[in-house]
Structure formats: C-alpha cells, structure tokens
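Here is a short briefing on one protein structure. Look it over, then read on.

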Amino acid sequence: MRIVKIVPGFVLAVIVATVLGSIAHTQFVLAGLTELGIEIPVSDRLSTTMHDIAGMGPMFGLIVAIGFLVAMAAAALVYRYARTQRYLVYGVAGAVALAVALTAMGTVYEITPIAGARTALGFIAQMIAGALGGLAFARVTR
C-alpha cells in the first residue's frame, strides 16, 4: 500500500472518529441534563456541539490518533494474513482503539474524562465513532 493513500486515509479516519466521538459526547451530556428537567433548545444543542468539537477536538484527536496508529497497523497485519473482510478488520480495529483509549484514560484518571462515555451506551457510541473512522481508513486505503 502506498504512503500516498495511507497518510490521507489515516488523517481522515482520525478526523471522522474525533468529530463523531465529540458529537456523541455532547449529545450524551445534553441528554443527561434533559433527564434532569433542563430544557435545551436546538440552537443551544448545535452551538454546544460545535463548541465541543472545537474545544475537545485537538486533545481528543491526539488520543484517537495514538490509538489509531497502533490499531490500523495491527489491522493491516491481520488483513495481510487473513486476506478477507477488509472493512470488518479495520472497523473492529477502530472500535477497539477507542475502547482501549477510553479504558486507559479511565484507569489513569479513575473516571473517563470523556463524560459522554461514562454510561454503557455512551461508551458504545464512542466505539461506533471509532468503527466509522476505521471504515473510512479502509475505504480510502483500498
């Protein structure tokens, strides 16, 4: 595989997982506030989402990039020998990368700094964001 495909694919995968993970985080936090009886207008939801993407994006993106560096390299090895289910291999690698990163942060900080991932459903949403990032990598590097 050429570096010409790998680098843009990796950058796109990190951006996809970071943006979707940030959006999921925001929506899960806002859902928690709504459960407490706080009304949040759509305009506030949108502005909060954009604020979180810009605010948490750089640091979260770095964490995603580190996880994806390991995960996509491992997925490349798995795919090289398995030669089947390319999208599945890279999608699972992306999901696992986010799960490992969140678990590691939770271990270090005793609670995950990504508040939207503190519930099982929020954690799964982060894994889905990672899986979609992995799928983006598989697609671009095909």
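Helices here are DSSP runs of at least four residues, numbered from the N terminus. The model is predicted. Its protein chain holds 4 helices and 0 strands. Along the sequence the pattern reads α-α-α-α.

**Overall shape**

- The protein chain has a radius of gyration of 16 Å, close to the 14 Å that the globule rule gives for 142 residues, so it is as compact as a globular protein of that length.
- The C-alpha trace spans about 50 × 30 × 25 Å along its principal axes.
- Of the 142 residues, 39% count as buried.
- Among contacts with a separation of 6 or more, 74% join residues 24 or more positions apart.

- Helix α2 covers residues 42-82.
- A straight helix of 41 residues would span 60 Å at 1.5 Å a residue, yet the end C-alpha atoms of α2 are only 46 Å apart.
- Where does the kink in α2 lie? It lies at Gly57, shortly before the proline Pro58, and is about 55 degrees.
- Arg83 follows α2, and the phi of Arg83 is positive, near 55 degrees.

**Thr49, a residue of α2**

- Thr49 is found in helix α2.
- Is Thr49 buried or exposed? Thr49 counts as buried because its relative accessibility is 9%, and the cut-off for buried is under 20%.
- The Thr49 side chain reaches the backbone oxygen of Arg45 at 2.7 Å.
- In general, an α-helix has 3.6 residues a turn, so residues three or four places apart point the same way.
- Beyond its neighbours within four places in sequence, Thr49 is in contact with Ile23, Thr26 and Gln27.

**Helix α4: close to its expected span**

- Helix α4 takes in residues 120-140, which is 21 residues.
- From first C-alpha to last, α4 reaches 30 Å, close to the 30 Å expected at 1.5 Å a residue.
- The buried residues of α4 include the glycines Gly122, Gly130, Gly133 and Gly134.
- Also buried in α4 are Ala125, Ala129, Ala131, Ala136 and Ala138, along with Gln126 and Phe137.
- What covers these buried residues of α4? The cover includes α1 (3-35), α2 and α3 (86-109).

Technical notes
Residues numbered from 1 in each chain as written. Predicted model: local features only at pLDDT ≥ 70, side-chain atom pairs only at ≥ 80, totals over all residues. Heavy atoms only, no water. Helix = DSSP H or I, 4+ residues; strand = E, 2+ residues; numbered from the N terminus. Expected span 1.5 Å × (residues − 1). Bend = angle between axes of the 7 residues up to and from the residue. Rg over C-alpha atoms; globule rule 2.2 N^0.38 Å. Buried < 20%, exposed > 50% of the residue type's maximum accessible area, 1.4 Å probe, protein only. Contact = heavy atoms within 4.5 Å. Polar contact = N/O pair within 3.5 Å; in protein donor to acceptor, adjacent residues only side chain to side chain.
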